[in-house]
Amino acid sequence: MTDFLGAALSFPTVLFSFLLVVVVGYWLLVLTGVLDLGDDLDVDGVPGTVLAGLGLGGVPSAVIFSLLVAVAWFVSLAGTALLDGLGFGSGTRIVVSIGVLLAAAACAWLVTRLVAVPLSRLFPAESDATRHAFVGRLCVVRTGTVTADFGQAEVTAADGSSAVVQIRQPGEEKMPAGSSALIYDYDTEGEFFWVMPAGPTFDPLRHSAT
């Protein structure tokens, strides 16, 4: 355990260790509903432009960043553990460690690019016309609450496929996870759907709560 912590907190692994803590914390917040992953691919934003230039487009930036950090941390940790066993001097150790850092970054890019290709099929880019087709449909809330600036739901398209979308409501109606909501408009600029609570006919959970 001591050797593991020593390797994880040694250069260059320590750089990725702190990033890995951030990544794990982010996904814990997503799983608990405090944050939402979002279905936007950041195609037009700076993160999306950079990722597309690296051949990592088509997948949400959070997923790509998480993969990059995880792979880089693992490769760097393995390289650091190997260096500890070779017993290099301090000067040589620094030079070789920089090489490990570059190798970890290169491996992270290569592995993430290979994984991003099949993953991109799970995140198909949707046009505004496709998104407007969801207007008028019912969705199931997937976050603990829905507010004017937070919320996520699952909606089923006419062809039977489902998608997780961003939703918002202008009021303060209670819409817990699992309840049904009616999509009545799409905000093109914000890339989210406006929703309202579904009536008791479509939402037994809400009806029983009342």
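Colleague: What makes helix H2 and helix H4 a packed pair, and at what angle do they pack?

Modeller: Helix H2 (residues 13-31) and helix H4 (residues 61-86) have axes 9 Å apart and pack at an angle of about 145 degrees. Axes are lines fitted to C-alpha atoms, for helices over the stretch in contact, and angles run from 0 to 180 degrees between N-to-C directions. Helices (H or I, at least four residues) and strands (E, at least two) are DSSP runs, numbered from the N terminus. This is a predicted model, in which local features need pLDDT of at least 70 and side-chain atom pairs pLDDT 80 or more, while totals for chains, interfaces and linings use all residues. Residues are numbered from 1 along each chain as its sequence is written, and side-chain values use heavy atoms, without hydrogens and water.

Colleague: Which residues of H2 and H4 meet?

Modeller: Among them are Phe16, Leu20 and Trp27 in H2, and Phe65, Val69 and Trp73 in H4. Contact means heavy atoms within 4.5 Å. The contact of H2 with H4 divides into 14 nonpolar, five polar and no charged residues. Ala, Val, Leu, Ile, Met, Phe, Trp, Tyr, Cys and Pro count as nonpolar, Asp, Glu, Lys and Arg as charged, and the others, Gly among them, as polar.

Colleague: Why is the aromatic pair of tyrosine 186 and phenylalanine 193 called tilted?

Modeller: Rings of Phe, Tyr and Trp (its six-membered ring) pair if their centres lie within 6.5 Å; planes under 30 degrees apart count as stacked, over 60 as edge-to-face and the rest as tilted. These two are 4.8 Å centre to centre with 50 degrees between the planes, so the pair is tilted. Tyrosine 186 also stands opposite phenylalanine 193 in S5.

Colleague: Why is the pair of phenylalanine 192 and tryptophan 194 edge-to-face?

Modeller: Their ring centres are 5.2 Å apart and their planes are at 80 degrees, so the pair is edge-to-face.

Colleague: Is phenylalanine 192 buried or exposed?

Modeller: Buried means under 20% relative accessible area, exposed over 50%, partly exposed in between (1.4 Å probe, protein chains only). Phenylalanine 192 has 13%, so this residue is buried.

Notes. Two strands pair if DSSP finds at least two bridges between them.
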